[in-house]
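Please examine the sequence and the structure shown below. The report that accompanies them is intended for a reader new to protein structure.

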Amino acid sequence: MNYPYDTERSFKNTIDWWLLGCYIVLVVFGWLNIYASVHGDEEASIFDFATRSGKQFVWILSSLGIAGIILFIIPPRVYEVISPLLYSIVVFLLIAVIFVGTDIKGSHSWFQFGPVSFQPAEISKITTSLMLATMMSHNGFKMQGRNFWITVAIILLPMLIIIAEKETGSALVYVGFIFMLYREGLSGWLLSIVGLVIVVFILTIVYSPFIGILIALVLISLFDAAQSKSLLIWALVAIPLIILNFLVSERYQLTAISVEAVLYILYSAFMAARGLHQKFRWATISVLAGMTLLVFSADFVFNDILKDYQRARIEVLLGMREDMSGVGYNVNQSKIAIGSGGLLGKGFCQGTQTAYGFVPEQSTDFIFCTVGEEWGFVGCVALIIVYLTLIFRIVLDSEHSRNAFTRIYGYCFASCIFMHLFINIGMTLGLMPVIGIPLPFMSYGGSSMWSFTTMLFIFIALDKDERKYF
């Protein structure tokens, strides 16, 4: 279908001013909080280029230049043509940085050029989003078979390379693409399986493999019972097993592993006896087999694949150990800073935790601490509302788009913003492990500012082009 197209519509009428407004608010507010986090006793000008606030001002100005080039010079539809080339170049850079990059704070993911550092992992989110949008916007695309595995490969390739760079935080952001995949037709049950994997992994680490597998059994069988309309049968079998678990453990003082092992065998036999010829039952057993493999490999992953500092941070988060002066120091000081802000905060540049550097990396990964201490609960809520408004407008514009490329890219971008927001704020509140991930548009750093600005203005340019249709 051909839509009317007006090439003369004004810039004012084709731009989403909500997106620009959110961007300006976040960038300026971030800049002010970077200054507050580094000004200390000897107050310098916010424009002092020897300080991080002055350097951030340079990153902001250069980002505005990038935004102008994207909006007024580069044709919006060129991204669909060059995305495979850009994706290939960035994958090459991700591999190259492993061999010739510089170690910064335990992450071997930076190119160093004198005083300037560059992290390919930041721009990989842009090229991966563009590549996904290009591939998935082709006519006849369906989220199944060969198309599904190509999509998964596009996401996993840079993600696995980034993990090899010891940049776990950036790699975790790629998990957010699952929201875009769900919008484009991915089964909701896969999302449930991902959640189940996380729950089972945590239970296995904290308690025992058999606790993890028992929970997996209960959840999978509950879903199986709901599908086959046999919830009563499930209850009649599961509830007595749970009671038996408690009674046997208390009466004979057996270890949890021995009791759970018996229940695992009994329940598996029960499920196997219930008509495995049906297609869904085979799917259930396949998921169960995968969960069993996950449970008994969790210990290997936790102890042999994760780095010592990553393992320590997870242990502190899950309450497996307390270390207020070691790996738990950042989070503890972060919560003190945020809590001390109260309802309205202590005022701009008045935060004691902030001014005296009690929280390490407070201008980068822990910038939200400054907001909490100096602007209080009200400031934190207002900031989160701005981020949610940004995400909402991106999703809304994506849904209104007539072009699948714009819609898919928009959902990729919204997913990245959400993952950064969720992980970063969760990290500062002690709800997520400390994995080193910036708060979009606010944290100090050129790579982060450039990449998020580029990602946003590519979407604004694509949306601007869409709005010429009327």
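The model is predicted.

## Helix H6

Helix H6 covers residues 145-164, and its 20 residues should span 28 Å at 1.5 Å a residue. The C-alpha atoms at its ends are 28 Å apart, which agrees with that expectation. At leucine 156 the helix bends by about 25 degrees, and proline 158 follows within four residues.

Among the buried residues of H6 are Phe148, Thr151, Val152, Ile155, Pro158, Met159 and Ile162. In an α-helix, residues three or four places apart point the same way, because there are 3.6 residues a turn. After H6 comes lysine 166, which has a positive phi, near 65 degrees.

## Aromatic pairs

The model contains twelve aromatic pairs. One of them joins phenylalanine 29 and tryptophan 375 edge-to-face, with 5.2 Å from centre to centre and 65 degrees between the planes. Phenylalanine 29 belongs to helix H2 and tryptophan 375 to helix H17, so this pair ties together parts that are 346 residues apart in sequence. Phenylalanine 29 counts as buried, at 15% relative accessibility, whereas tryptophan 375 is partly exposed, at 28%.

Tyrosine 35 and phenylalanine 348 form a tilted pair, because their ring centres are 6.3 Å apart and their planes stand at 40 degrees. Tyrosine 35 lies in helix H2 and phenylalanine 348 in the loop between helices H15 and H16. Separately, Tyr23, Phe441, Phe452 and Phe457 form one aromatic cluster.

## A nonpolar surface patch

Leu343, Leu344, Phe377, Val378, Val381 and Ile385 make a nonpolar surface patch of about 580 Å². Valine 378 is found in helix H17 and is partly exposed, with a relative accessible area of 42%.

Methods:
Residues numbered from 1 in each chain as written. Predicted model: local features only at pLDDT ≥ 70, side-chain atom pairs only at ≥ 80, totals over all residues. Heavy atoms only, no water. Helix = DSSP H or I, 4+ residues; strand = E, 2+ residues; numbered from the N terminus. Expected span 1.5 Å × (residues − 1). Bend = angle between axes of the 7 residues up to and from the residue. Buried < 20%, exposed > 50% of the residue type's maximum accessible area, 1.4 Å probe, protein only. Patch = residues over 30% accessible without salt bridge, like charges linked within 9 Å, V, L, I, M, F, W, Y side chains within 5 Å. Areas by Shrake-Rupley, 256 points an atom, 1.4 Å probe, with all protein chains shown as cover. Salt bridge = Lys/Arg side-chain N within 4 Å of Asp/Glu carboxyl O. Phe/Tyr/Trp six-rings, centres within 6.5 Å; stacked < 30°, edge-to-face > 60°.
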